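Here is a short briefing for a reader new to this structure. It starts with the ligand and its surroundings, then turns to a few single residues.

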Amino acid sequence: AKQQGRNNYQFYSPEMNTTAREQLELETDLRKALTKDELLLYYQPQVDINTGEIIGLEALLRWQHPQIGVIPPNQFIPLAEETGLICPIGEWVIRTACEQHQAWYAAGLPLMRIAVNLSARQFQQRDLVKTIVQILQETQTQPCYLELEITESIAMQDVEFTVAVLQELRQMGIQIAMDDFGTGYSSLNSIKHFPPHTLKIDQSFVRDLLIDPSDAAIARAVIALGQGLHLKVLAEGVETVEQLEFLRTLGCQSAQGYLFSKPLPPVAITQLLREKTIP
Ligand code: C2E
Ligand code: CA
Ligand code: CA
Ligand code: CA
């Protein structure tokens, strides 16, 4: 890869017609990233709409590439999934998030639930549950403080096995959230087979909430579905007060988005947690 500043990370965009050699180079770099400590987690607050209190933090992966700079996940997770690297990376993410959770607790901050994104591919690992149990023990994290964000794409694999794994995780007290809800091909079917604790309304429905009546209808329907099934509902990608007010009137309980905070490095989150609530 050339080193010509910021725009150059475009090179890594999966949409681009990159050559096989470039793909290979990226794969080699990504493989090294794990051992060279180039991966890091940012955290984005999740907020109770009615109280303004921070109720959780979503861990979001970043790659600090030595030449290119910070590469956002959309530009390397697809490759990580293709190559299977997502499994060791995903394990690193869970461990690091739990360690961070403990570090915040040790620093006297209020205990906060941490949400971690899981790739469908990670559910093909036969030892996923064992790995998670081990990480929780090593980091002395109570399961109720870990939330796993899954997507409807898990429905495309060995359903029986995946259902059993999720069942086991739930029984341990781990929280399950259905991410990007409504964007898949079988949203209703997926929550029937893989019942989560929380539905996350995808940001594509939140963006034009006030101008597009179909987005408003979808958001309203997801919130009603959540109420009917006794699931929590969180709206993602909330950027304006108007969106927030509208979601509040629809009965949505929680939200996440730039209106409250961008994803931040751990030090900045520490600062935020000391203030405890966002006005
Ligand atoms: P996601 O899980 O749907 O995460 C939400 C994305 O929306 C994040 O992008 C976040 O920075 C962004 N976002 C948050 N609030 C706003 C807002 O108000 N407006 C807008 N326009 N965007 C907002 P990010 O961090 O670039 O992550 C992109 C995707 O990469 C994530 O989407 C998730 O699917 C994936 N990802 C991130 N970290 C991990 C990870 O550790 N493991 C796996 N498997 N996937 C991850
Ligand atoms: Ca997510
Ligand atoms: Ca999402
Ligand atoms: Ca998304």
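Ligand 1 sits in the largest pocket. The model is predicted. Around the ligand there is a shell of 22 residues. Strand 2 is the top contributor to that shell.

**The shell around ligand 1**

- The closest of the 22 surrounding residues are Gln44, Arg62, Gln203, Glu239 and Tyr258.
- Three elements each supply at least two residues of the shell: strand 2 (54–65), helix 3 (86–106) and strand 6 (175–181).
- Strand 2 gives the most, with 4 residues.
- Sorted by class, the shell holds 9 nonpolar, 7 polar and 6 charged residues.

**Polar contacts of ligand 1**

- Glu239 places a polar side-chain atom 2.5 Å from a nitrogen atom of ligand 1.
- The side chain of Gln44 also takes part: one of its N or O atoms is 3.0 Å from a nitrogen atom of the ligand.
- Leu61 contributes through its backbone, where a polar atom is 3.1 Å from a nitrogen atom of ligand 1.
- Taken alone, ligand 1 exposes 800 Å², and the protein buries 83% of that.

**His65, in strand 2**

- His65 has its place in strand 2, the strand that gives the most residues to the ligand shell.
- Is His65 buried or exposed? His65 counts as buried because its relative accessibility is 3%, and the cut-off for buried is under 20%.
- The side chain of His65 makes a polar contact of 3.0 Å with the side chain of Asp29.

**Gln243, in helix 9**

- Gln243 is found in helix 9, which covers residues 241–250.
- Gln243 has a relative accessibility of 6%, so this residue counts as buried.
- A polar atom of the Gln243 side chain lies 3.2 Å from an atom of the backbone: the oxygen of Val206.

**Arg207, in a loop**

- Where does Arg207 lie? Arg207 is in the loop between helix 7 (203–206) and helix 8 (213–228).
- Arg207 counts as exposed because its relative accessibility is 52%, and exposed means over 50%.
- Arg207 and Gly237 are 30 residues apart in sequence. In space, their C-alpha atoms are 7.0 Å apart.

**Buried and exposed, side by side**

- His65 is buried at 3% relative accessibility, and Gln243 is buried at 6%.
- Arg207, by contrast, is exposed at 52%.

Key:
Residues numbered from 1 in each chain as written. Chains lettered and ligands numbered in written order. Predicted model: local features only at pLDDT ≥ 70, side-chain atom pairs only at ≥ 80, totals over all residues. Heavy atoms only, no water. Near = heavy atom within 4 Å. Polar contact = N/O pair within 3.5 Å; in protein donor to acceptor, adjacent residues only side chain to side chain. Areas by Shrake-Rupley, 256 points an atom, 1.4 Å probe, with all protein chains shown as cover. 1 Å grid on protein atoms, 1.4 Å probe; cavity = no way out; pocket = protein on both sides within 12 Å on 5 of 7 lines; lining within 4 Å. Sits in = over half its atoms within 2 Å of the grid points. Nonpolar A, V, L, I, M, F, W, Y, C, P; charged D, E, K, R; others polar. Buried < 20%, exposed > 50% of the residue type's maximum accessible area, 1.4 Å probe, protein only.
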